[in-house]
Amino acid sequence: MTQNKNLSGSDLWKKAKRIIPGGTQLLSKRSEQFLPDYWPSYYSRAKGVDIWGIDDQKFVDMSIMGVGACPLGYADDDVDTAVKTAIDKGSMCTLNCPEDVDLAEKMIKLHPWAEMVRYARGGGDAMAVAVRIARAHTKKDKITFCGYHGWHDWYLAANLADDRNLDGHLLPGLDPAGVPRGLRGTSIPFRYNHPEELEAIADSAASDLAAIVMEPIRDYNPEPEFLKIIHQISRETGAVLVIDEVSAGFRLNTGGAHKLYRIKPDIAVFAKAISNGYPMGAIIGKSEIMESAQETFISSTYWTERLGPVAASTTIEKYERCNVPAHLIKTGSAVQTIWKKAAESSGLSIDTGGIPPLSHFTVTGSSPDEVQQIFTLYTQLMLDRGFLAGKSFYSSYAHTKAHLDSFQTAVEESFGIISEAMKRKMVKKMLKGPAAQTGFKRLT
Ligand SMILES: Cc1ncc(COP(=O)(O)O)c(C=O)c1O
């Protein structure tokens with residue numbers, strides 16, 4: 001029980017910002033990203049898709065479900081029972097837990113091209129391990145990548161060359177302060193479905209290219225020509241093809257999304273969805289490459305605890321047993337339809353996108369500042385109706401038809417109010433606080 005239970009969520013958030021730089025360890029959990037001064041910010045408990053704030057007010061989560069970490073829903077009974085049993089048997093000791101090997105076998109069975117597995121506990125950490133292995137294996141330095149892959153030096157180094165290099169890769173405005181300037185030029189971005197950009201990078205950096213790093217899919221299906229060039233350049237230069245499944249993995253199918261698109265990785269990296277709310281990250285790959293993990297030093301105490309692999313194996317078994325990805329796709333598609341229909345009937349102009357389990361919408365035809373005000377008003381109106389909601393929706397197995405029905409009513413009402421407010425130029429005036437922030441900014 002928190003010693004701060006008498007504070008409101010927003011007062012506790014103000015206190016947090018004074019003693020925790022940035023208030024939280026994850027940019028996507030900053031209240032300023034949703035509804036500055038009015039977001040509930042803290043939870044006392046969560047179950048299924050229900051979240052209770054620290055004042056015990058209940059909300060239904062139609063937003064990002066623990067930033068994509070809980071596709072089975074919060075506090076899933078099967079996963080929690082397995083984890084509680086593991087706690088009772090000792091989550092940590094001097095010897096290794098056999099569940100490490102169980103999970104490795106499971107991952108290799110799901111991905112027969114992979115022969116060996118290492119672990120971390122978070123997505124960014126696991127990606128840093130993959131990049132280190134690729135550099136150790138090739139004895140080369142340069143990484144070319146598209147998309148977001150975490151906070152580590154290897155990735156932020158891209159912004160040493162041009163501080164807008166990472167814009168367009170999910171999180172704009174990432175500052176490389178604290179990243180050694182000597183890493184300048186070691187990380188080079190290309191855009192998804194732009195094979196010509198990768199070809200140009202390969203032309204200038206081929207002799208020093210350690211890895212090509214990308215998500216299998218984010219917003220759009222990969223085009224055949226793009227994949228052909230990716231495989232060709234990886235083959236010709238010897239660069240390790242690292243597929244980042246941290247967000248896409250285990251949502252469209254049980255396993256990596258790369259299996260659906262015939263992408264042939266050398267290494268694939270999993271976290272988030274793999275363990276439904278417990279820290280876990282897995283790096284799987286071909287043995288000739290993974291063996292290079294023995295030539296460099298990759299080692300951390302809590303990467304050997306027991307709860308992560310137990311949670312992951314139980315989660316994966318449930319995905320298979322209940323065909324969870326089918327439910328995630330169906331639910332995400334239904335939400336995209338709800339947004340589209342509500343926009344049509346209210347006269348709001350929007351686009352929807354993302355793979356259905358990781359859906360989002362954008363407002364079109366307005367300036368960037370107006371768009372932020374509109375999103376903020378949407379979140380404010382939805383919160384008044386008992387929903388945590390924003391421009392993104394990550395589906396979970398715990399979302400039911402009843403949730404979708406009540407969500408639809410609330411979205412229709414909210415879009416109607418927003419549309420009226422836009423006509424009367426009242427959106428900003430209707431906001432109780434400032435507009436939400438996008439991207440990375442220093443908090444005050
Ligand atoms: C594709 C991808 N890679 C890596 C990461 C970093 O994972 P984590 O936040 O667990 O460090 C994320 C997080 O959103 C991601 O979406």
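The buried residues of helix α9 are F226, L227, I229, I230, H231, I233, S234 and T237, where buried means under 20% relative accessible area, exposed over 50% and partly exposed in between, with a 1.4 Å probe and protein chains only. This is a predicted model, in which local features need pLDDT of at least 70 and side-chain atom pairs count only at pLDDT 80 or more, while totals for chains, interfaces and linings use all residues. Residues are numbered from 1 along each chain as its sequence is written, and side-chain values use heavy atoms, with hydrogens and water left out. Helices (H or I, at least four residues) and strands (E, at least two) are DSSP runs, numbered from the N terminus.

- Helix α9 covers residues 224–237, and its 14 residues reach 20 Å from first C-alpha to last, close to the 20 Å expected at 1.5 Å a residue; the expected span is 1.5 Å times one less than the number of residues.
- The buried residues of α9 pack against α8 (195–205), β7 (209–214) and β8 (240–244), with contact meaning heavy atoms within 4.5 Å.
- After α9 comes G238, which has a positive phi near 80°.
- Helix α14 (residues 401–423) has 23 residues and reaches 33 Å between its first and last C-alpha, close to the 33 Å expected.
- Among the buried residues of α14 are H403, L404, F407 and F415, and the helix is followed by K425, whose phi is positive, near 50°.

**An enclosed strand**

- Strand β10 (residues 281–285) has 5 of its 5 residues buried, so the rest of the structure largely encloses it.
- G281, I283 and G285 point one way from β10, A282 and I284 the other way, and all are buried.
- β10 runs antiparallel to β4 (residues 116–120), joined by 5 bridges; strands pair if DSSP finds at least two bridges between them.
- R118 is the residue opposite I283 in β10.
- Strand β9 (residues 267–270) is also antiparallel to β10, with 4 bridges, and A268 has I284 as its bridge partner there.

**Aromatic rings**

- There are 15 aromatic pairs, counting rings of Phe, Tyr and Trp (its six-membered ring) with centres within 6.5 Å; planes under 30 degrees apart are stacked, over 60 edge-to-face and the rest tilted.
- F145 and W154 form an edge-to-face pair, because their ring centres are 6.2 Å apart and their planes stand at 90°.
- F145 is buried at 0% relative accessibility, and W154 is buried at 6%.
- A cluster of ring pairs links W339, F361, F375, Y378 and F415.
- The charged end of R45 sits over the ring of W52, 3.9 Å from its centre; this requires NZ of Lys or CZ of Arg within 6 Å of the ring centre and within 35 degrees of the ring normal.
- K432 lies over the face of Y38, 5.6 Å from the ring centre.

**Salt bridges**

- The structure has 18 salt bridges, each a side-chain nitrogen of Lys or Arg within 4 Å of a carboxyl oxygen of Asp or Glu.
- K14 and D11 meet at 3.6 Å, N to O, and both lie in helix α1 (residues 9–19), 3 residues apart, about one turn of the helix.
- K58 pairs with D50, their closest N and O atoms 3.6 Å apart; K58 is partly exposed at 44%, whereas D50 is buried at 17%.
- D78 and K318 form a salt bridge at 2.9 Å, N to O.
- D78 lies in helix α3 (residues 77–88) and K318 in helix α11 (residues 307–322), so this pair ties together parts 240 residues apart in sequence.
- D76, D78, K318 and R321 are linked in a salt-bridge network.
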